[in-house]
Amino acid sequence: MVKLPIYMDNHATTPVDPRVIEAMLPYFTEKFGNAASRNHSFGWEAEEAVDRARNQIAALIGAKSKEIIITSGATESDNLAIKGVVEFYKDKGNHVITCVTEHKAVLDSCRALERTGKATVTYLPVDKYGMVDPDDLRNAITDKTVLITIMYANNEVGTIHPIAEIGRIAKEKGIVFHCDAVQAVGKVPVNVDRDGIDLLSLSAHKIYGPKGVGAIYVRSKGPRVRLTPQMDGGGHERGMRSGTLNVTGIVGLGKACEIAGAEMEEENRRLLDLRNKLQAGIFERLDEVYLNGHPTARLPGNLNVSFAYVEGESLLMGISDIAVSSGSACTSATLEPSYVIRALGVDEELAHSSIRFGVGRFNTGDEVDFVTDRVTREVKRLREMSPLYEMAREGIDLKTVQWKSE
Amino acid sequence: MAYSEKVIEHYTNPRNVGSFAKGEDNVGTGIVGAPECGDVMKLQLKINPANGVIEDAKFKTFGCGSAIASSSYVTELVKGKHVDEAMAIKNTAIVQELNLPPVKIHCSVLAEDAIKAAITDWRKHQEPAVESADAVPARTAQEG
């Protein structure tokens with residue numbers, strides 16, 4: 001039998017891999033030095049550990065180790081990339097291009113620039129699968145454009161954007177390309193040269209590393225990308241991000257990258273099998289279930305589906321021994337359903353009915369079977385309780401109904 | 001968000017789920033909310049035309065756990081009550097009983113609206129003479 005509760009929300013965060021913890025432990029105790037201490041062995045030991053980690057991180061994305069700047073996580077990396085580029089290149093232009101389904105760390109950084117009058121921002125739409133059209137990008141570029149920021153893979157629907165093509169367009173036009181690759185790094189092969197990425201955000205806790213540490217890749221050659229620092233202080237990280245290095249976290253991030261790189265191929269095959277099994281099981285047993293996101297260009301562990309006539313939060317409540325997440329408004333404070341699902345053109349009702357499953361390294365086939373059973377049983381129970389399901393069964397077109405709401 | 005025990009209890013064992021048979025007499029139906037808002041409640045009340053007492057109630061709800069619990073509780077609450085009494089039920093009674101947090105107050109408002117909508121629907125189908133037969137002094141809607 002499976003052990004409850006089951007964690008299947010690996011886009012939100014992941015448990016730390018025991019091998020990562022093991023690598024980190026000595027740096028809490030006997031190897032506790034400050035990596036910036038240049039004159040004793042404690043400092044040297046810490047610095048060596050950071051250097052090793054920087055190599056491990058760089059290797060996973062095809063970068064050079066000196067191009068890796070350590071941060072507190074991807075939100076900080078996104079802020080540094082977007083605000084740092086706009087401030088540094090302000091004499092060149094003030095236009096930023098991003099996409100409507102980006103993470104809030106990107107969208108809110110852009111909004112902050114708009115609010116303070118530092119930039120104008122174009123938000124590219126996505127197609128029904130959540131993908132950006134490279135032609136839309138081309139058309140949005142002006143002679144004032146200094147930054148394109150598009151995520152590698154979406155955190156809700158898992159759709160993978162045509163990144164290499166976006167990178168080519170950016171290069172052609174001589175525009176800096178930042179990519180929030182939090183969900184993609186360690187999950188699918190990412191290579192900054194092949195993909196034409198100039199700045200890349202990544203995070204440890206999405207790849208079985210610790211929370212509170214991440215990195216930003218900053219291209220050093222062809223072209224050399226410059227940033228205005230957003231954190232002033234002792235000039236750590238080549239002046240781009242001051243602050244004493246979180247050595248234990250960095251060691252963990254490095255080890256997590258090393259493991260992800262070594263095991264990606266095998267792990268992807270396994271995750272894809274599990275994800276497909278989950279998808280097939282749900283679609284076989286239930287009618288009126290809709291896939292959100294791209295059918296093929298999608299993260300291997302991602303499954304986002306809408307269960308028509310069932311509200312997402314009530315479904316989560318019914319499967320409380322399974323940790324997944326919902327695009328339902330009721331799970332947020334705003335009472336608006338997921339802006340990502342909405343951007344795909346999905347009806348609001350179906351957006352309220354969406355559930356995101358994130359299959360990860362530590363999930364098993366038995367867990368997938370259990371989740372399939374529990375979810376299908378609960379959806380059937382809730383549909384029996386749903387006036388919408390009843391009306392649809394009676395042949396009433398819900399779109400023609402005049403709803404009385406406040 | 002943690003749910004109160006009573007919400008979980010109603011969600012797990014909802015009372016009076018279902019619909020009355022089509023064309024059944026003396027049934028008032030209220031459907032409130034909208035799918036795009038994530039909440040739709042259908043409340044049906046079977047009301048004795050002779051004395052205006054709610055004899056049975058059934059519900060179906062599309063919505064979060066608190067919306068389901070609110071409508072389930074309401075079906076229990078109204079049974080045996082005179083329509084005028086039921087019209088006077090306030091959402092705060094539902095909030096109190098189920099310990100709803102502030103973000104879920106709209107669920108209780110919807111449940112209150114559903115009672116009013118169902119009774120209004122029933123009244124529409126009654127002969128005016130029958131409704132006021134028991135000579136209860138007329139109450140205004142605002143009072144409820």
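This is a predicted model: local features need pLDDT of at least 70, side-chain atom pairs count only at pLDDT 80 or more; totals for chains, interfaces and linings use all residues.
**Exercise 1.** Determine which residues of helix H1 of chain B are buried, where they lie around the helix, and what covers them.

Solution. 
1. Helix H1(B) spans residues 5–12. Taking buried as under 20% relative accessible area, the helix has Val7(B), His10(B) and Tyr11(B) as buried residues.
2. Viewed along the axis of H1(B), these buried residues fall within an arc of 100°, so they line one face of the helix.
3. The cover over the buried residues of H1(B) includes elements of chain A, namely helix H8 (312–318) and helix H11 (365–384). From chain B, the cover includes helix H2 (65–78) and helix H4 (91–98).

**Exercise 2.** Work out the strand order of the sheet in chain B and identify the strands at its edges.

Solution. 
1. The sheet is open and has three strands, in the order S1-S2-S3, with antiparallel pairing.
2. Strand S1 (27–34) and strand S3 (54–62) of chain B each have a single partner strand, so one side of each is left without a neighbour in the sheet; these are the edges.
3. On average, neighbouring strands of the sheet are turned by 10° against each other, direction ignored.

**Exercise 3.** Describe the pairing of S2(B) with S3(B), then find the strands touched by helices H2(B) and H5(B).

Solution. 
1. Strand S2(B), residues 39–47, pairs with S3(B) over eight bridges in the antiparallel sense. Gln44(B) stands opposite Lys58(B) in S3(B).
2. Helix H2(B) packs on the sheet and touches S2 and S3 of chain B. The direction of H2(B) makes about 175° with that of S3(B).
3. Helix H5(B), residues 105–124, also packs on the sheet, touching S1, S2 and S3 of chain B. The direction of H5(B) makes about 145° with that of S1(B).

Definitions and conventions
Residues are numbered from 1 along each chain as its sequence is written. Chains are lettered from A and ligands numbered from 1 in the order in which they are written. Side-chain values use heavy atoms; hydrogens and water are left out. Buried means under 20% relative accessible area, exposed over 50%, partly exposed in between (1.4 Å probe, protein chains only). Helices (H or I, at least four residues) and strands (E, at least two) are DSSP runs, numbered from the N terminus. The arc is that of the directions from the helix axis to the C-beta atoms. Contact means heavy atoms within 4.5 Å. Two strands pair if DSSP finds at least two bridges between them. Axes are lines fitted to C-alpha atoms, for helices over the stretch in contact, and angles run from 0 to 180 degrees between N-to-C directions.
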